[in-house]
Amino acid sequence: MSWTRKHLLDIESLSADEILTVLDTARAFKAVGERAIKKVPALRGKTVINLFVEPSTRTRISFELCEQRLSADIINFSAEASSLKKGETLKDTARNLEALNADFIVIRHSASGSPHFLSRVLNSSIINAGDGAHEHPTQALLDAFTIRERKGRVEGLKVTILGDILYSRVARSDIWALTKLGAEVTLCGPSTLVPRTFEKMGCRVTYNVDDAIRDADIINLLRIQHERQRKSMFPSLNEYSSLFGLNAARMARTKPDALIMHPGPINRGVEIDSDIADCSRSLILEQVTNGLAVRMAVLFLVNGGRGPQEVAAA
Ligand code: CP
């Protein structure tokens with residue numbers, strides 16, 4: 001399978017073969033990142049604009065560093081200091097950025113569908129860095145990459161996603177990616193945050209945390225997305241933590257080789273106890289490291305790269 005897409009807008013529209021092409025290409029880029037000289041000329045002469053209209057630490061810095069490693073010219077757009085504050089629309093802002101000959105626009109926005117909208121009104125390649133509660137495709141790709149690297153496969157693994165599923169773009173992208181790759185995905189959290197409608201995506205839903213974690217190979221924790229909740233979805237953070245937080249007592253009831261993941265930012269003492277976030281079974285920082293190789297692979301592929309076989313020559 002070779003890659004032919006101009007944009008990366010979501011995981012829902014990707015085939016399993018396309019996802020595997022990204023993961024294999026990322027593996028080749030991870031090897032590049034382990035060399036003394038980590039830079040390749042693949043995007044030399046190309047301009048990337050990082051259009052982050054919503055806060056980000058991991059995704060924004062990961063994209064910036066991977067663009068540098070691919071030798072692109074980079075513009076980091078600051079929403080706070082921009083004319084968006086004067087009422088300019090996203091379309092006009094993006095068209096002005098494109099008029100500067102942007103080849104790629106990496107967009108994070110609170111509005112679901114904004115990357116898809118830009119892909120219709122611009123000629124640049126668009127990469128979704130998180131749109132509202134809809135999708136966060138590069139997070140799902142780096143999660144799948146990390147699971148595959150640590151467990152040797154994704155197919156047949158039991159993956160539990162525990163937390164605020166309803167408002168989570170990571171949950172949606174992870175569900176698409178992991179089910180397409182053959183994992184058995186279980187969702188768990190308060191019933192207000194895990195509606196049964198997610199079963200239509202091919203997942204199991206349970207509200208019993210012990211049932212959700214007992215047989216899991218991977219436990220992927222999600223924070224409460226307060227910024228997207230329009231009303232209180234549970235009585236208190238203390239109650240959430242005691243009913244659904246991953247603590248030492250619950251960890252003791254997991255399989256000894258179960259691994260813990262979290263896309264970040266983590267809220268220590270709420271969805272995850274501090275000791276567990278930092279324990280040897282936590283992959284949280286490995287996920288961040290792998291994000292670099294995965295995002296290099298995505299930019300390489302949307303720039304016309306066809307797959308891992310071309311990375312050595314990049
Ligand atoms: N995982 C993730 O998207 O983190 P940031 O919001 O810090 O980019």
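Helix axes are lines fitted to C-alpha atoms over the stretch in contact, and the angle between two of them runs from 0 to 180 degrees between their N-to-C directions. With that in mind, this report on a predicted model starts with a pair of helices.

**Helices α5 and α11**

Helix α5 covers residues 137-151 and helix α11 covers residues 284-302. The two pack at an angle of about 115°, and their axes are 8 Å apart. The crossing of α5 with α11 is right-handed. On the α5 side, the contact is made by Thr138, Gln139, Leu141, Leu142, Asp143, Phe145, Thr146, Glu149 and Arg150. On the α11 side, it is made by Glu286, Gln287, Asn290, Gly291, Val294, Arg295 and Val298. By class, the residues of this contact are 5 nonpolar, 6 polar and 5 charged.

**The cavity**

The model has 1 cavity of 30 Å³ or more. The volume of the largest cavity is about 70 Å³. Its lining consists of Arg58, Ser62, Gln139, Leu142, His262, Pro263, Ile284, Gln287, Val288, Gly291 and Arg295. Helices α2, α5 and α11 each give at least two residues to this lining. The largest share, 5 residues, belongs to α11. Among the lining residues are Gln139 and Leu142, which also take part in the contact of α5 with α11. Gln287, Gly291 and Arg295 likewise line the cavity and belong to the α11 side of that contact.

**The pocket**

The largest pocket has a volume of about 340 Å³. It is lined by 19 residues, and those nearest its centre are Arg108, Arg169, Arg223, Gly264 and Pro265. Helices α2 and α6 (169-180) each supply at least two residues of the pocket lining. This lining divides into 4 nonpolar, 8 polar and 7 charged residues.

Gly264 and Pro265, both named above, are joined by a cis peptide bond with omega of about -5°. Pro265 is placed in the loop between β9 (259-261) and α10 (274-277). Most peptide bonds are trans, and most residues other than glycine have a negative phi.

**Two residues with positive phi**

Ser71 has a positive phi of about 70° and is not a glycine. Asn101 also has a positive phi of about 70° without being a glycine. Ser71 sits in the loop between α2 (58-69) and β2 (73-78), while Asn101 is in the loop between α3 (90-98) and β3 (104-109). Are these residues buried or exposed? Ser71 counts as buried because its relative accessibility is 18%, and buried means under 20%. Asn101 counts as exposed because its relative accessibility is 59%, and exposed means over 50%. Leaving out residues up to four places away in sequence, Ser71 touches Lys39, Val40, Pro41, Leu43, Arg44 and Gly45.

Leu166 lies in the loop between β5 (158-162) and α6. Its relative accessibility is 24%, so Leu166 counts as partly exposed. Apart from neighbours within four places in sequence, Leu166 is in contact with Ala133, Arg172, Thr192, Leu193, Pro195, Phe198 and Met233. Leu166 and Gln225 are 59 residues apart along the chain, and their C-alpha atoms are separated by 9.1 Å.

Ser232 is in the loop between β8 (218-221) and α8 (237-244). With a relative accessibility of 62%, Ser232 counts as exposed. Thr192, one of the residues in contact with Leu166, is 40 residues from Ser232 in sequence and 9.6 Å from it in space, C-alpha to C-alpha.

| Residue | Relative accessibility | Class |
|---|---|---|
| Ser71 | 18% | buried |
| Asn101 | 59% | exposed |
| Leu166 | 24% | partly exposed |
| Ser232 | 62% | exposed |

Notes. Residues are numbered from 1 along each chain as its sequence is written. This is a predicted model: local features need pLDDT of at least 70, side-chain atom pairs count only at pLDDT 80 or more; totals for chains, interfaces and linings use all residues. Side-chain values use heavy atoms; hydrogens and water are left out. Helices (H or I, at least four residues) and strands (E, at least two) are DSSP runs, numbered from the N terminus. Buried means under 20% relative accessible area, exposed over 50%, partly exposed in between (1.4 Å probe, protein chains only). Contact means heavy atoms within 4.5 Å. A crossing is left-handed if the near helix is turned anticlockwise from the far one by less than a right angle, and right-handed if clockwise. Ala, Val, Leu, Ile, Met, Phe, Trp, Tyr, Cys and Pro count as nonpolar, Asp, Glu, Lys and Arg as charged, and the others, Gly among them, as polar. On a 1 Å grid over the protein atoms alone, a cavity is a set of points where a 1.4 Å probe fits but cannot get out, and a pocket is an open set with protein on both sides within 12 Å along at least five of seven lines; lining residues have an atom within 4 Å of a point. Grid points are joined across faces, edges and corners, and a volume is the space filled by probe spheres set on the points.
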